[in-house]
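Have the coordinates open while you read.

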Amino acid sequence: EWQSAGDAFRRSAELEIKSGDTEDSSRKLLSAASCYKKCDPKLAVEVTQEAINMLIKSGRFHQAANQEK
């Protein structure tokens, strides 16, 4: 259940990336990571890192730093 929710958020983030909307895509990746945290912690870390990298590329360093906690 959590896995499929995380997959849906991650797929949605991929579509946002293709459309060029990095703000929404990073938010959706973080939502996916929250879901994965409940069923696959290793995947949650990977997806969180993807979101952090996206935040850094878009210049949102404060938000990226908050996710590093």
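## α1 against α2

α1 and α2 run roughly antiparallel to each other (an angle over 145 degrees; under 35 would be roughly parallel, 65 to 115 roughly perpendicular, and the rest oblique). Their axes cross at roughly 165° and come within 8 Å. Those axes are lines fitted to C-alpha atoms, for helices over the stretch in contact, with angles running from 0 to 180 degrees between N-to-C directions. The helices themselves are DSSP runs of H or I with at least four residues (strands would be E, at least two), numbered from the N terminus. The crossing of this pair is left-handed, meaning the near helix is turned anticlockwise from the far one by less than a right angle; clockwise would be right-handed.

On the α1 side, the contact (heavy atoms within 4.5 Å) uses W2, Q3, A5, G6, D7, F9, R10, S12, A13, E16 and I17. α2 brings D24, S25, K28, L29, S31, A32, C35 and Y36. Sorted by class, that's nine nonpolar, five polar and five charged residues. Here Ala, Val, Leu, Ile, Met, Phe, Trp, Tyr, Cys and Pro count as nonpolar, Asp, Glu, Lys and Arg as charged, and the others, Gly among them, as polar.

## Ground rules

Keep in mind that this is a predicted model, with local features needing pLDDT of at least 70 and side-chain atom pairs counting only at pLDDT 80 or more, while totals for chains, interfaces and linings use all residues. Residues are numbered from 1 along each chain as its sequence is written, and side-chain values use heavy atoms, leaving out hydrogens and water.

The α2/α3 crossing is left-handed. From α2, the residues involved are T22, S25, S26, L29, L30, A32, A33, Y36 and K37; they meet P41, L43, A44, V47, T48, E50, A51, M54 and L55 of α3.

What about helix α1 (residues 2–19) and helix α3 (residues 41–57)? Their axes come within 13 Å and cross at roughly 20°, which makes α1 roughly parallel to α3. This crossing is left-handed too. Q3, R10 and I17 of α1 touch L43, V47, E50 and M54 of α3, giving four nonpolar, one polar and two charged residues.

## The cysteines

C35 is buried at 7%, while C39 is partly exposed at 38%.

## Two single residues

K38 sits in the loop between α2 and α3 and is exposed, at 54% relative accessible area. Its C-alpha is 6.8 Å from that of W2, although K38 and W2 are 36 residues apart in sequence.

S12 lies in helix α1 and is partly exposed at 22%. Between S12 and S34, 22 residues apart along the chain, the C-alpha separation is 15 Å.

Key:
Buried < 20%, exposed > 50% of the residue type's maximum accessible area, 1.4 Å probe, protein only.
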